[in-house]
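Colleague: Could you take me through reading this structure, beginning with the ligand and then moving to a strand?

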Amino acid sequence: MTRDLGLYIHWPFCISKCPYCDFNSHVRASIDEDAWEKALLIEMDHMAKLTKGRTLSTVFFGGGTPSLMRPKTVAALLDRLSAHWQLTPDLEITLEANPGTVDKERFQGFKDAGVTRLSMGIQSLHNDALAFLGRKHSAEEALAALKLAGTLFERFSFDLIYARPEQSLSAWREELSRALELAGGHLSLYQLTMEKGTSFYTRHQRGEFTLPDEDLAAALYEATEELTGKAGYASYEVSNYARPGHACRHNLIYWRSQDFMGIGPGAHGRVTAPEGRLEMRVTKAPETWLARVHAHGHGLDEKVLLSPDQSFEEALLMGLRLLEGVSLETLKSTSPEGFEALLKSPKLETLIAEGLLLPPTQTHLMATPEGRLKLNGLLAYLIE
Ligand SMILES: C[S@@+](CC[C@H](N)C(=O)[O-])C[C@H]1O[C@@H](n2cnc3c(N)ncnc32)[C@H](O)[C@@H]1O
Ligand code: SF4
């Protein structure tokens, strides 16, 4: 079985910290970008040793806010790729951009560096919601950034956060319909979640705002599926919607349990070696990471062999998020025993009878739309 290979590059800095966000993102008055560029190159060289000679299909600059990087830093990283890997002719190179950090020259610089796809954190098309979400950009700036992205990039996506406090079903339908008119083939639509350690988490606990109840959240999700579907966008993953040919190939590598390397603070990787699937985890704190890479040539905290059970559960967890489901071949290759046991399990029958899973096809096991809505409970039951 040939596996795709992707490279994730983490840029951990943002202009300000959004109150809902628990990503590895930090605000710093200044950074030494030359030292960061050098360190990312050093870590890339290190990770490449594990995957020498393979073909690279995707690169993803995530964050944080990678659109704060100098285009010249992005170019230096992309220029190094061919020293390590063969590159697919249609190499997908995505960069996450925050609308407050973009102008024409910068976008053009990213394009000239080799970026082929932009993913923008728009979050909302309404100024009051943007203020609540602690965003530093206005709806007008978001629209201008989208327009610019559309003129320069054939493929672009944007993120919206819905199921916000006091958001009615009709207001979301209206906002999403507008978003679909502006979209370039791909949208990531996330329900607002309260993550431990964020300021929203504390404020929510204190009762400063309430979130839509379960029924409204389900109705908002159903409206999302309906409107995106009518506009020709397949819900190819729980929160991701794309027209044919526009799915994010890099994220598909994660969901299909294929191989990827991660460089930069807090990045993860999974690479299939002859002895099994390796999990790699890079140290999270930006300054510690920088010092370690300069001292030791990499910032890896952990490089462990996953057990067949761990790989199997992960493949199931990731794959059932997809409309196409989880590949039976992938499940079988991670754990032949686990695969046989799953197919014979009475729990599988129960979930099919309850309308949460579909009977396996020749190639895949799929969740129904209702099953995808209840994925956490479903998986907990299936693998407990
Ligand atoms: C790394 S950010 C994207 C790029 C850039 N940092 C930005 O915010 O514009 C990843 C995305 O995850 C989503 N996200 C983060 N925390 C979330 C939360 N608690 N609930 C819902 N969506 C969230 C946001 O839509 C955000 O754009
Ligand atoms: S949502 Fe984006 S801009 Fe806001 S803190 Fe998180 S990574 Fe930074």
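Modeller: Let us start with residue classes: Ala, Val, Leu, Ile, Met, Phe, Trp, Tyr, Cys and Pro count as nonpolar, Asp, Glu, Lys and Arg as charged, and the others, Gly among them, as polar. This is a predicted model, in which local features need pLDDT of at least 70 and side-chain atom pairs count only at pLDDT 80 or more, while totals for chains, interfaces and linings use all residues. Residues are numbered from 1 along each chain as its sequence is written, and chains are lettered from A and ligands numbered from 1 in the order in which they are written.

Colleague: How do the residues of the shell around ligand 1 divide?

Modeller: The shell holds 6 nonpolar, 7 polar and 3 charged residues. A residue is near a molecule if its C-beta atom, placed from the backbone, lies within 6 Å of it; of the 16 residues around ligand 1, Y20, N98, G121, D159 and Y190 come nearest. Two or more shell residues come from each of β2, β4 (117-123) and β5 (155-162), strands being DSSP runs of E with at least two residues, numbered from the N terminus.

Colleague: Which way do the residues of β1 point?

Modeller: In a regular strand, side chains alternate between the two faces of the sheet. Here L5, L7, I9 and W11 point one way from β1, and G6, Y8 and H10 the other way, all of them buried (20 or more other C-beta atoms within 10 Å of a residue's own, C-beta atoms being placed from the backbone).

Colleague: Which strands are joined to β1 by bridges?

Modeller: Strands pair if DSSP finds at least two bridges between them; β1 runs parallel to β9 (residues 259-263), with 5 bridges, and parallel to β2 (residues 55-63), with 6 bridges.

Note on methods
A residue is buried if 20 or more other C-beta atoms lie within 10 Å of its own, exposed if 12 or fewer, and partly exposed in between; C-beta atoms are placed from the backbone. Helices (H or I, at least four residues) and strands (E, at least two) are DSSP runs, numbered from the N terminus.
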